[in-house]
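Please keep the sequence and the model open while reading.

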Amino acid sequence: IASGTPATPSTSGVPAAGNESIPAVYFYSDSCSHCEKVKPVIANISARYPDLRLSQLEINHNADNRQLFNDISSRYGIANPGVPTVFIGNGVIIGESEITNRFEPAILAERQRIASGIPANPVNLTLVIPGSQPETPALSPYMVVFAALVDSTNPCGLSVLVFLLITMAAAGSRRRILLAGGAYIAAMFLFHLLVGIGLFSVFSLSGLSKPFSIIGGIIALLFGVINIVDLLRNRETFFLSIGETRKGVLGDYARMATLPAAFVLGILAGLFGFTCTGGIYISILGLMGREMSVMSGLSWLVLYNLIFVLPLVIITLLVAYGVSPERAEELRTRHKRLLRVIISAILIGLGIIILLGWIG
């Protein structure tokens, strides 16, 4: 485990452990007041001991860290583990006052143990510290943006908007088209954002983000396969689409041609069309829940949903400034099957990536 970093001379008479680093793991929670008080102590000691290889793992919002904490605690014989806790060498230090008073002496003792060649028991911490084993790639903003772009081309939300714009184009001016389209888009954005925040909160705060992400992978894979089967059947109607009864309800609101009706239409289109758009969204939310807290992931959710409604914005502007909604509907219908093929391929690929653990 050679770090190549020379150890700071010890003033306590304990020799530095040559060029070897001193592994330790500090578990904490970002909602723990004692952990917050220990933070400057940890920072100060880490700065004064460059040969200390300390991993700091938060367990409240990271299920993998929490599982690792429980596993190591079990190996050390701790029946009721709690934070803050530091594992170093053959010992464990639990609690604010204990860490404040005993962490530095424990480092010096560990130096002595390493120098004398005594093996570490009950667990070799170098084998569990993140970075000592190959890690799967983290979820990147590019993947979130790409998934949102694919999700945004789903025919369900587009078809409802086009139907609304056909009605508005026959009944009103450019201003009314922009207002109605804007109300519909705002409702779709808010619906998907709030659903995302709700699901993301469940994934992140429950500590079950990994199982939920696996469920998301299964859903993505299943939706992709169902879409492929639908395409092979070569029928005009798709299983993962808005049903005829619900289309009737949406049509009633579209024909009202009012701004409140357009807003309600956006909410209903998001609700009824979630079987079309939900597969990719749930998968991404599951992956985000494994790596982020709700607050840190909120900006990603906003970005995803802004991209999700981008085609709706483009269509509204095109219709408002000269393109007939019938022409937009013709283009959507002409490329509907191609879009289904692309979305199906992305869903299947995303499902495989999640289930095989290639990301997150």
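**A walk through the model**

A polar atom of the Thr-85 side chain sits 2.4 Å from the backbone oxygen of Gly-82. A polar contact here is a pair of N or O atoms within 3.5 Å; within protein, one must be able to donate a hydrogen and the other to accept it, and residues adjacent in sequence count only if both atoms are side-chain atoms. The model is predicted, with local features requiring pLDDT of at least 70 and side-chain atom pairs counting only at pLDDT 80 or more, while totals for chains, interfaces and linings use all residues. Residues are numbered from 1 along each chain as its sequence is written, and side-chain values use heavy atoms, with hydrogens and water left out.

Thr-85 belongs to strand β3. Helices (H or I, at least four residues) and strands (E, at least two) are DSSP runs, numbered from the N terminus. Thr-85 has a relative accessible area of 1% and is therefore buried; the term buried means under 20% relative accessible area, exposed over 50%, and partly exposed in between (1.4 Å probe, protein chains only). Leaving aside neighbours within four places in sequence, the contacts of Thr-85 include Val-25, Tyr-26, Phe-27, Phe-69 and Ile-99, where contact means heavy atoms within 4.5 Å. The peptide bond from Val-83 to Pro-84 is cis, with omega near 5°.

For the chain as a whole, the secondary structure amounts to 14 helices and four strands. Of the 360 residues in the chain, 46% are buried. Among contacts with a separation of 6 or more, 76% are between residues 24 or more positions apart.

Helix α1 (residues 33–48) packs with helix α3 (residues 96–116) at an angle of about 15°, their axes 9 Å apart. That angle makes α1 roughly parallel to α3. Axes are lines fitted to C-alpha atoms, for helices over the stretch in contact, and angles run from 0 to 180 degrees between N-to-C directions. Angles under 35 degrees count as roughly parallel, over 145 as roughly antiparallel, 65 to 115 as roughly perpendicular and the rest as oblique. The crossing of α1 and α3 is right-handed: a crossing is right-handed if the near helix is turned clockwise from the far one by less than a right angle, and left-handed if anticlockwise. On the α1 side the contact includes Val-38, Val-41, Ile-42 and Ile-45, and on the α3 side Ile-99, Phe-103 and Ile-107 are among the partners. The residues of this contact divide into seven nonpolar, two polar and four charged. Here Ala, Val, Leu, Ile, Met, Phe, Trp, Tyr, Cys and Pro count as nonpolar, Asp, Glu, Lys and Arg as charged, and the others, Gly among them, as polar.

Asp-51 is in the loop between α1 and β2 (52–58). Asp-51 is buried, at a relative accessible area of 2%, and its side chain makes a polar contact of 3.0 Å with the side chain of Arg-111. Glu-110, in helix α3, counts as buried at 4% relative accessibility. Apart from residues up to four places away in sequence, Glu-110 touches Ile-22, Ile-88, Gly-89 and Asn-90. Glu-110 and Gly-89 are 21 residues apart in sequence, with their C-alpha atoms 6.1 Å apart.

Val-341 lies in helix α14 (residues 336–355). Val-341 is partly exposed, at 41% relative accessibility. Its C-alpha is 7.7 Å from that of Asn-227, 114 residues away in sequence.
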